[in-house]
Amino acid sequence: MAVSIVLAAGALVPIGYVVQAAFAMGGEQLAALLFRPKVGDLLVNTVLLVGIGVPATAVLGVGGAWLVERTDLPLRRLVAVALAAPLAIPAFVASYGWASAIPSISGLWGGVLVAVLAYFPLVYLPVLAALRGLDPALEESARALGLGSWAVFARVVLPQLRLAVLGGALVVALHLLAEYGAFAFLRFDTFTTVIVVAYQATFAGPNAAALGIALAVLCLVVLTAESVARGRRRYARVGSGASHPARRLPLGRMTPVALLAVIALTAAAIAVPLASVVRWLARSDLGALGPVIGATIQTLGLSLGGAAVALAIALPFAWMSVRHPGRLSRVLEGAASIASSLPAIIVALALVTVTLAVAPGLYQTAFTVMAAYALIFLPRALVPLRAGLAQVPESLEEAARALGVRPAAARLRVTLPLLLPSLAAGGALVALGAANELTATLLLAPTGTRTVATSFWSAASSLDYPAAAPYAVMLVLLSAPAVALMFAHATGRKLR
């Protein structure tokens, strides 16, 4: 428990940075920096981006999942995979693809277009999983009472998808608040893009800190709104429910329309970015791949190190949550996860401030980068570990101790081998998220470090699109395994 308390305190460093920055500046200076026309413009941009982008991703995610799981849409297996595939293309790579294909794309609507196409699978996957877990008897009863297909969906199915939709929408909103590269390409100012510019101009001066406070407050507003919208309603059913599959609705004359909609969506989300990447890749010097290989090696080293740190931090929290549940364990687990709800730029600024004040020798070292990855992606390690540990019977350890094995040895010899799949899944998700991370890496990486993401950004932001193309391909290849894991988790079984 003491270890968990210490780790939770460390995870609260970004929150402490925000509070300390506010007090350090004082009310007058903070007000002067926040109540400016520029900040008002950023607030309007951010509210519009979230207000338009999140509902759009929700509509696409729910609609795609419903078509795959509840209709007789042809080629459903292929469609199910295609609708998840955009997650394999990082948002800033998708933005690079669109910006190089249509140079005039920019501003709010360009940002909304790219963000929605990149992030709608974050709603689609949880909704697909939720649809598969619904009891079809409820829908059949509603139809027996005379409700039509649309009425059944609106009054029976959609309310049961509330948690999945809100959870996916929350993740999308936090991504929109944190995204840097995609919007910088499109010349669309958000709090994150301006914070990065302010940091580079004044080296973590008061302007960057003030904007970071505003961004953190926006994140807390989004988290609070999601919590209120979620409410306390229970959705679990009593009993096992119907064992037969849900009846698929015939699309009839709407089949061609549905197929064309899916084709248009996947073409915009996948084909346009990849076509641009392939076009520029054909013009690049494929004989000089040494820098790409070097950047990949450095990326793997940092991301695997970050995954190891995240697993080491997550394991005590998962153990407390499963083996010693209670109010304290919930508080500690929440404290450990709160940093992940803040944009990576806030986490990076916090680590810059702390390392310079407490341990200057750690500033711009690999350790600081890996610590940032661990804080940002901690839930990716915690969730699989918690689920895996819950499936390990405690009686196995008790049996080992009854045979004279010490408690620590019993955990290593009995529990740890059973946790290896969960450790592998959590580590893979953290490592692959870290491999695509841009803002924290730009701020914290040691001088001379070139990850795939930062190398891609360096070339693409200089409009050297052919040089950026090999790095874009590598980013997609590094992302594909994580998407496969997420899709497998969401489906759980083969499509019928």
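The legends below describe close-up views of a predicted model. Local features need pLDDT of at least 70 and side-chain atom pairs count only at pLDDT 80 or more, while totals for chains, interfaces and linings use all residues. Residues are numbered from 1 along each chain as its sequence is written, and side-chain values use heavy atoms, with hydrogens and water left out.

**View A. Aromatic pair of Tyr 96 and Phe 456.** Rings of Phe, Tyr and Trp (its six-membered ring) pair if their centres lie within 6.5 Å; planes under 30 degrees apart count as stacked, over 60 as edge-to-face and the rest as tilted. By this rule the count comes to 9 aromatic pairs. The ring centres of Tyr 96 and Phe 456 are 5.1 Å apart and the planes are at 80°, so this pair is edge-to-face. Tyr 96 belongs to helix H5 (residues 91-101) and Phe 456 to helix H23 (residues 452-461), 360 residues apart. Helices (H or I, at least four residues) are DSSP runs, numbered from the N terminus. Tyr 96 and Phe 456 are buried; buried means under 20% relative accessible area, exposed over 50%, and partly exposed in between (1.4 Å probe, protein chains only).

**View B. Aromatic pair of Phe 185 and Trp 457.** Phe 185 and Trp 457 are edge-to-face, at 5.0 Å centre to centre with 70° between the planes. The pair links helix H11, which holds Phe 185, to helix H23, which holds Trp 457, across 272 residues. Both residues are buried. A cluster linked by ring pairs contains Phe 92, Tyr 96, Tyr 180, Phe 185, Trp 280, Phe 456, Trp 457 and Tyr 465.

**View C. Arg 283 and the ring of Trp 280.** The charged end of Arg 283 sits over the Trp 280 ring, 4.9 Å from its centre. The criterion is NZ of Lys or CZ of Arg within 6 Å of the ring centre and within 35 degrees of the ring normal.

**View D. Salt bridge between Lys 38 and Asp 189.** A salt bridge is a side-chain nitrogen of Lys or Arg within 4 Å of a carboxyl oxygen of Asp or Glu, and the count by this rule is 1. The closest N and O atoms of Lys 38 and Asp 189 are 3.0 Å apart. Lys 38 is partly exposed at 37% relative accessible area, and Asp 189 is partly exposed at 33%.

View E. Most residues other than glycine have a negative phi. Leu 75 has a positive phi of about 60° and lies in the loop between helix H3 (37-70) and helix H4 (76-84). Arg 187 has a positive phi of about 55°, in the loop between helix H11 (181-185) and helix H12 (191-202). Leu 75 is exposed at 60% relative accessibility, and Arg 187 is exposed at 55%.

View F. Thr 266 is in helix H14 (residues 255-283) and is buried, with a relative accessible area of 15%. Leaving aside neighbours within four places in sequence, Thr 266 is in contact (heavy atoms within 4.5 Å) with Ala 82, Leu 83 and Ala 271.

Terms used: Helices (H or I, at least four residues) and strands (E, at least two) are DSSP runs, numbered from the N terminus.
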